[in-house]
Amino acid sequence: MSDVNADDWVSAGHRPMGFPEFVIVIASIMALNPLAMDMMLPALPNIGAAFKIPVENHLQLVLSTFLIGFGAGQFVMGPLSDRFGRRPVLLGGMAVYAVASVLAVAAPSFETLLLARALQGLGTSATRVIATSIVRDCYVGRRMASVMSLAMMVFIAVPVVAPSFGQAVLLVTAWRGIFVVLMLYGLLALAWCVLRLPETLPQSERRSLAPADVLSAFRQTVTHRQTIGYATAAGSVIGALFAYVFCAQQVFTGIYHLGRYFPLAFAAIAAGTAIAGFLNARLVGRLGMRVISHGALMLYTFVAGVMLLTECLGVLPLALFMVLSALMMFSFGMMVANFTALAMEPQGHIAGTASSLYGSITTLIGIVVGMAIGQSFDGTLLPFSIGFFLSTLAAVAIVLVVEKGRLFRPHHRPV
């Protein structure tokens with residue numbers, strides 16, 4: 001861990017950047033992923049029309065293939081960054097993202113577009129892993145959770161505006177213009193990192209890429225009760241969130257008939273996560289990661305139960321669905337940074353590898369759960385409601401096992 005200065009808060013490891021710039025840079029590179037996901041939502045019908053896709057559920061592949069690349073890429077990004085440092089791996093991933101955006105602009109077929117989306121996901125896997133590793137290099141414990149919450153507050157604001165931004169692009173150009181915007185944003189973020197972001201992993205702390213060493217780091221990560229437990233729990237709740245994103249365009253335009261107003265409804269709901277990030281950053285230092293995340297998990301479970309019950313009773317109008325979805329987003333926002341910090345807390349000596357495995361596990365579990373729910377969409381909210389409830393119950397069971405049945409128990413240890 002990098003040394004901290006006299007105020008025992010701001011790390012010296014990210015100089016010459018001050019604390020506000022550091023948080024903004026971390027949030028900006030993390031935002032490549034949700035921007036590339038959520039800007040596509042209003043464009044899915046246009047893409048289906050352009051490539052004559054007969055089954056509407058197949059358009060979800062534009063989102064899921066991106067996440068597959070994102071999840072699979074994280075397996076290698078962490079070990080590479082533990083060996084060669086954070087900067088080269090981060091900059092290489094962002095360059096892949098930019099090239100993939102160019103390929104998507106020129107894609108002559110749906111299959112080529114899906115290949116470009118997988119490569120975009122691969123590129124953003126570097127940004128997600130390295131961002132978490134850089135924060136772990138500089139901060140630890142509740143301080144890490146607070147920094148992650150501040151970054152997530154900016155990062156989570158992206159889904160709020162991204163669909164509207166994508167809709168705005170569609171008003172002036174075709175769907176391919178969205179990929180032009182994504183490419184330009186990626187190049188801007190790349191330039192900022194080249195000019196300002198320092199290397200945060202000292203030479204003395206770099207690890208070998210020898211198979212035995214990499215496998216040893218993998219073993220340390222997946223056999224640690226706290227790390228693997230919170231990773232699988234996070235994957236379960238992320239699966240419900242992915243399913244929501246996969247189905248959002250079909251739900252708001254097909255069930256609730258919002259048409260082009262769909263991005264506004266999506267933004268209003270997603271704002272709950274940004275609010276949660278702000279509150280978590282302010283409260284986590286006083287209450288602790290477990291108290292906040294376990295409370296949020298209970299709220300998540302309650303929302304899932306209410307949504308399933310009202311859908312089964314046939315009384316789930318748009319207003320109630322939006323309230324429940326906003327509460328889902330809020331509770332997710334109170335969980336995600338804390339689950340990440342709890343999983344990463346014991347892994348400072350192998351932060352890159354641990355971040356890789358954590359990201360891969362959570363993303364791939366989320367993809368499997370999200371695709372299973374999304375592909376079962378039948379024009380009603382029943383498949384989503386059932387999947388949301390079951391995946392949430394699985395997360396509760398996992399956290400209970402990790403914490404040996406004792407929730408809301410703060411760990412008073414030096415941070």
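A residue is called buried when its relative accessible area is under 20%, exposed when that area is over 50%, and partly exposed in between. The structure described here is a predicted model, and these terms are applied to several of its residues below.

Aromatic rings were examined first. A pair of aromatic rings is described by the distance of the centres and the angle of the planes. The structure holds 13 aromatic pairs. One of them joins Phe 242 and Phe 246, whose rings are stacked, with 6.2 Å from centre to centre and 25 degrees between the planes. The angle counts as stacked because it falls under 30 degrees. Phe 242 and Phe 246 are 4 residues apart in helix α10, so about one helical turn separates them. Both Phe 242 and Phe 246 are buried.

A further pair is formed by Phe 262 and Phe 266, and its arrangement is edge-to-face: the centres are 6.0 Å apart and the planes make an angle of 70 degrees. This angle counts as edge-to-face because it is over 60 degrees. Both residues belong to helix α11, which covers residues 262–287, and they are 4 residues apart, or about one turn of the helix. Phe 262 and Phe 266 are both buried. They also belong to a cluster linked by ring pairs, in which the other members are Tyr 244, Phe 252, Tyr 256, Tyr 300, Phe 321, Phe 384 and Phe 388.

Helix α10 spans residues 225–255, and Arg 225 is located in it. The relative accessibility of Arg 225 is 43%, and the residue therefore counts as partly exposed. When neighbours within four places in sequence are left aside, Arg 225 is in contact with Val 401, Val 402 and Lys 404. For Val 401, a polar atom of the Arg 225 side chain lies 2.5 Å from the backbone oxygen. Between Arg 225 and Ile 367 there are 142 residues of separation in sequence, and their C-alpha atoms are 23 Å apart in space.

The surface was also considered. Phe 75, Val 76, Leu 80, Phe 84 and Leu 209 make a nonpolar surface patch of about 390 Å². Among them, Phe 84 is found in helix α4, which comprises residues 61–84. Phe 84 has a relative accessible area of 43%, so it is classed as partly exposed.

Terms used:
Residues numbered from 1 in each chain as written. Predicted model: local features only at pLDDT ≥ 70, side-chain atom pairs only at ≥ 80, totals over all residues. Heavy atoms only, no water. Helix = DSSP H or I, 4+ residues; strand = E, 2+ residues; numbered from the N terminus. Buried < 20%, exposed > 50% of the residue type's maximum accessible area, 1.4 Å probe, protein only. Contact = heavy atoms within 4.5 Å. Polar contact = N/O pair within 3.5 Å; in protein donor to acceptor, adjacent residues only side chain to side chain. Patch = residues over 30% accessible without salt bridge, like charges linked within 9 Å, V, L, I, M, F, W, Y side chains within 5 Å. Areas by Shrake-Rupley, 256 points an atom, 1.4 Å probe, with all protein chains shown as cover. Salt bridge = Lys/Arg side-chain N within 4 Å of Asp/Glu carboxyl O. Phe/Tyr/Trp six-rings, centres within 6.5 Å; stacked < 30°, edge-to-face > 60°.
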